[in-house]
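I am opening a notebook page on this structure.

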Amino acid sequence: MEWKKLGLLYRPSENNRHPKLLTHAANPLPVKIEDDVFRVFYSGRDAQNRSSVGAVDIDITQRRIVKQHHSPFFEYGAIGSFYADGVSIGNCYEVNGVHYMLFMGWQTPGDSHWRGDIGRLVVKSDLSLELESLKPFLSTDTIDPVSLSYPWVMADEQGSYHMWYGSTNTWDAGNDEMLHVINYASSSDGENWNKRGVAVPYALNIAQAFSRPTVVGNISDGYQMWFSYRSGTGEKYRIGYAVSDDGKKWQLDLGNTGIDIGKEGWDSEMICYPFVFDHKGQRYMLYNGDGYGRTGFGLAILVNGTQC
């Protein structure tokens, strides 16, 4: 597999920035508006590192910014809320004609580790965002006892729903790196979820700190997943790859990811938070580079590989 990098698409400007979108454009999430123009939602940060949802409209084929939106589309919550310290977006999906956007809600108490819960926003017809509930959509329990992150949901041809999301097993797996895996859950209605536990195998000192899965495929042809991961040996984020016949159990194929850090420039230290999507017969990947999205997001196109 080979991804051809098309360059940096968007980098937050220091000029005329909203105080809640001062830095970063992490977790890019494209929603098609018309023709080749997509509204790319992202997580931007304020001076205290709390993230809110911003957006920029981009012509994907011309790689041209059409419109920058000054104000956040959704902001981090009040003190004590499950998203009080930030909102990191996952993907969008539809249930009974209602469009939703999933997100990780951050809490970063000063006396302990951060934790996350999964929340859900309603995406209205004008692409404005509204919080569905002050309670998390998915939270910790006996299967996910510590923290959750970055959800991805999609429906299959039979009308069932699949979810892949991050779950923390421990903050230190013995090598000063967290063990944060990708778990799987299923649903018949997109509302009530049956958690199934670990989906993507991890390997200490190879791939053990996963985040932001992005999945394409179907029951007939199988599924492909890209994700961020750290090895546990001191490397910063890289983008990894896995395959599955049914979407429930996966095989790592890190050697076939097809994209790596750049030799220089905005993504020369890390690449992370991929979002893979198809448009007019081409497969694209939006992704972040250095600083967890501080340098903005770029675009790559699949030039050699299998499309499910």
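The entries below go from the strands to the salt bridges.

**Entry 1: the model**
I am working with a predicted model.

**Entry 2: strand β12**
I began with β12, residues 179-187, and asked how many of its residues are buried. I found that 9 of the 9 are, so the strand is largely enclosed by the rest of the structure.
I recalled that side chains in a regular strand alternate between the two faces of the sheet.

**Entry 3: partners of β12**
Which strands pair with β12, and in what sense? I noted β11 (residues 161-170), antiparallel to β12 over 9 bridges. In this pairing Thr170 stands opposite Leu179 of β12.
I also noted β13, which runs antiparallel to β12 and is joined to it by 4 bridges. Here Ala185 has Lys195 of β13 as its bridge partner.
I then checked the hairpin of β12 and β13, where 6 residues lie between the strands. Gly190 in this hairpin takes a positive phi near 80 degrees.

**Entry 4: a surface patch**
I followed β13, residues 194-198, to Val198, which lies in this strand. With 33% relative accessibility, Val198 counts as partly exposed. I found Val198 in a nonpolar surface patch with Tyr202 and Leu204. Together these residues have about 240 Å² of accessible area.

**Entry 5: an open sheet**
I looked up a sheet of 4 strands next and wrote down its order as β1-β20-β19-β18. The sheet is open and its pairing is antiparallel. The edge strands are β1 (2-10) and β18 (272-279), each pairing on one side only. On average, neighbouring strands of this sheet are turned by 25 degrees against each other, direction ignored.
Within it I checked β19 (residues 282-288) against β20 (residues 297-304), and I have 5 bridges for this antiparallel pair. Asn288 stands opposite Phe297 in β20.

**Entry 6: salt bridges**
How many salt bridges does a search of the whole structure find? I have 16. Side chains of opposite charge can pair when their charged atoms come close. I looked up some of the pairs.

- I found Asp46 with Arg50, the closest N and O atoms being 2.9 Å apart. Asp46 is buried at 5% relative accessible area, whereas Arg50 is partly exposed at 25%.
- I found Asp117 with Arg115, with 2.5 Å between the closest N and O atoms. Asp117 is buried at 3% relative accessible area, and Arg115 is partly exposed at 25%.
- I found Glu269 with Lys236, with 3.2 Å between the closest N and O atoms. This pair links distant parts of the chain, 33 residues apart. Glu269 is in the loop between β17 (251-252) and β18, and Lys236 is in the loop between β15 (222-230) and β16 (238-244). Glu269 counts as partly exposed at 43% relative accessibility, and Lys236 counts as partly exposed at 40%.

Conventions
Residues are numbered from 1 along each chain as its sequence is written. This is a predicted model: local features need pLDDT of at least 70, side-chain atom pairs count only at pLDDT 80 or more; totals for chains, interfaces and linings use all residues. Side-chain values use heavy atoms; hydrogens and water are left out. Patches are made of residues with over 30% relative accessible area and no salt bridge: like charges are joined within 9 Å, nonpolar side chains (Val, Leu, Ile, Met, Phe, Trp, Tyr) within 5 Å. Accessible areas come from the Shrake-Rupley method with a 1.4 Å probe; for residues, only the protein chains shown count as cover. A salt bridge is a side-chain nitrogen of Lys or Arg within 4 Å of a carboxyl oxygen of Asp or Glu. Helices (H or I, at least four residues) and strands (E, at least two) are DSSP runs, numbered from the N terminus. Buried means under 20% relative accessible area, exposed over 50%, partly exposed in between (1.4 Å probe, protein chains only). Two strands pair if DSSP finds at least two bridges between them. Axes are lines fitted to C-alpha atoms, for helices over the stretch in contact, and angles run from 0 to 180 degrees between N-to-C directions.
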